[in-house]
Amino acid sequence: MFARILLNLGKKLIRKVELFLFKLYLFLILPFTYLRYIFISKKTQCNVILTSYPIRFDILFWTLLSILSQSVTSKITIVLYDKDCTILSLRLQIIIYVFKDFLSIYNSNYDFRSYKKILPIIEGRVFTKNVILCDDDIFYPPDWLKLLLRQLNRSPNGVVGTAGHLQTFLPNGEVDKYSK
């Protein structure tokens with residue numbers, strides 16, 4: 001009983017701290033992030049693509065902030081399953097609205113899990129030479145994108161990454177489960 005009370009108090013405290021941090025960001029940091037993104041950061045011909053789903057929308061907000069705080073700028077595309085687009089949090093809606101010239105939502109009719117990331121490329125909706133696929137639950141250091149692009153420039157016909165999965169195939173040639 002006592003443990004449950006402590007757990008509930010802890011959850012309430014976490015929500016209050018998170019709300020405080022969001023308000024701090026919204027009124028103090030967001031305007032400077034926007035101005036930095038527009039005027040100071042080096043412009044690149046790059047598109048960062050990531051997927052997400054409702055359970056991770058709170059984390060996605062902070063991930064987007066880390067991408068928007070990069071030392072170089074890029075277009076950002078978030079690929080969402082159609083049903084998930086209707087339940088975006090207010091925080092995400094604010095970020096998407098403020099950065100609407102740089103950040104777009106791509107609606108997918110099919111839920112291919114994280115494989116949705118490649119749909120905008122396959123369907124010809126990404127018009128940049130360099131495409132960076134990233135996760136929605138990682139906070140990226142400020143020079144992450146710059147370092148990836150620098151490495152990509154050294155090997156223009158290559159693929160550069162910081163993490164990945166080896167895709168396996170079943171004996172009949174079908175793609176094996178992603179979860180392995």
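Trainee: In β3, what is the bridge partner of Thr77?
Mentor: Ser104 is the partner of Thr77. This is a predicted model, where local features need pLDDT of at least 70, side-chain atom pairs count only at pLDDT 80 or more, and totals for chains, interfaces and linings use all residues. Residues are numbered from 1 along each chain as its sequence is written, and side-chain values use heavy atoms, with hydrogens and water left out.
Trainee: How many bridges join β2 to strand β3?
Mentor: Six, and the two strands run parallel. Strands pair if DSSP finds at least two bridges between them. Strands (E, at least two residues) and helices (H or I, at least four) are DSSP runs, numbered from the N terminus.
Trainee: And what joins β1 to β2?
Mentor: Seven bridges, again with β1 and β2 parallel. Val48 has Ile76 in β2 as its bridge partner.
Trainee: Is β2 mostly covered or exposed?
Mentor: Mostly covered: nine of the 10 residues in β2 (72-81) are buried, meaning under 20% relative accessible area with a 1.4 Å probe, protein chains only.
Trainee: New topic. Which residues touch the most other members of the largest nonpolar core?
Mentor: Val48, Ile76 and Ile95, in a core of 32 residues. Such a core is a set of buried Ala, Val, Leu, Ile, Met, Phe, Trp, Tyr and Cys residues joined through side-chain atoms within 4.5 Å.
Trainee: Which helix gives the largest share of this core?
Mentor: α2, with seven residues.
Trainee: Which residues are in the second core?
Mentor: That separate core has five residues, including Ile49, Val79, Leu119 and Val126.

Conventions: Buried means under 20% relative accessible area, exposed over 50%, partly exposed in between (1.4 Å probe, protein chains only).
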